[in-house]
Amino acid sequence: MSQENIEVVRKGYEAFARRDIETVLAGLDPAIEVRTGAGAEVMGEELYHGHAGFLKYAQAWLEAWDEYQLIPEEFADIGDYVVTVYRAVARGKGSGITVEDRFAHLWTIRDSKAVRLEVFAEPDQALEAAGLSE
């Protein structure tokens with residue numbers, strides 16, 4: 001099951017890169033829960049529910065950028081969890097300033113669908129939340 005979970009998540013990132021929202025949503029449970037701010041104060045503490053909530057979260061995040069790339073660097077399977085460490089490269093709307101940083105997502109997978117997404121400012125925080133510490 002572990003490689004299957006990673007493939008579910010990987011396909012979502014690939015679809016996101018193509019801006020293929022239909023395929024992204026196909027990999028998400030209709031009742032997905034998205035939590036931001038888990039150790040990421042700059043992101044604000046928010047909780048979103050369902051496909052509509054996921055879209056609201058993505059739109060709110062992306063509207064600050066003229067360009068935004070989310071580049072997965074590594075995937076760690078931990079039972080029902082997949083931790084993705086990714087590099088974000090973006091160009092600010094209006095300012096034109098390019099920024100680059102590393103973040104992490106913690107995905108909870110059930111029945112080949114993502115049922116929860118938590119966004120972390122630091123990869124170590126995501127690993128700790130999944131029950132691992134380095």
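Predicted model: local features only at pLDDT ≥ 70, side-chain atom pairs only at ≥ 80, totals over all residues.

Modeller: Residues are numbered from 1 along each chain as its sequence is written, and side-chain values use heavy atoms, with hydrogens and water left out.

Biologist: What makes the pair of tyrosine 13 and tryptophan 107 edge-to-face?

Modeller: Planes under 30 degrees apart count as stacked, over 60 as edge-to-face and the rest as tilted. The planes of tyrosine 13 and tryptophan 107 stand at 90°, with 6.1 Å centre to centre, and the pair is edge-to-face. Tyrosine 13 lies in helix α1 (residues 2–17) and tryptophan 107 in strand β5, 94 residues apart. Helices (H or I, at least four residues) and strands (E, at least two) are DSSP runs, numbered from the N terminus.

Biologist: Why does tyrosine 13 count as buried?

Modeller: Buried means under 20% relative accessible area, exposed over 50%, and partly exposed in between (1.4 Å probe, protein chains only). Tyrosine 13 has 6% relative accessibility, and therefore counts as buried. Tryptophan 107 is buried as well, because its value is 9%.

Biologist: Why is the pair of tyrosine 48 and tyrosine 57 called tilted?

Modeller: The ring centres of tyrosine 48 and tyrosine 57 are 5.7 Å apart and the planes meet at 50°, so the pair is tilted. Tyrosine 48 is buried at 11% relative accessibility, and tyrosine 57 is buried at 13%.

Biologist: How do you know that the buried residues of α3 line one face?

Modeller: In α3, Gly50, Gly53, Phe54, Tyr57 and Ala58 are buried. Seen down the axis, these residues fall within an arc of 135° (taken from the directions from the helix axis to the C-beta atoms), so they line one face of the helix. On the other side of α3, Ala52, Lys56 and Gln59 are exposed.

Biologist: Which residues touch the most other members of the largest nonpolar core?

Modeller: A nonpolar core is a set of buried Ala, Val, Leu, Ile, Met, Phe, Trp, Tyr and Cys residues joined through side-chain atoms within 4.5 Å. Of the 27 residues in the largest one, Leu28, Phe54 and Trp107 touch the most other members. The greatest contribution to this core comes from α1, with six residues.

Conventions
Phe/Tyr/Trp six-rings, centres within 6.5 Å; stacked < 30°, edge-to-face > 60°.
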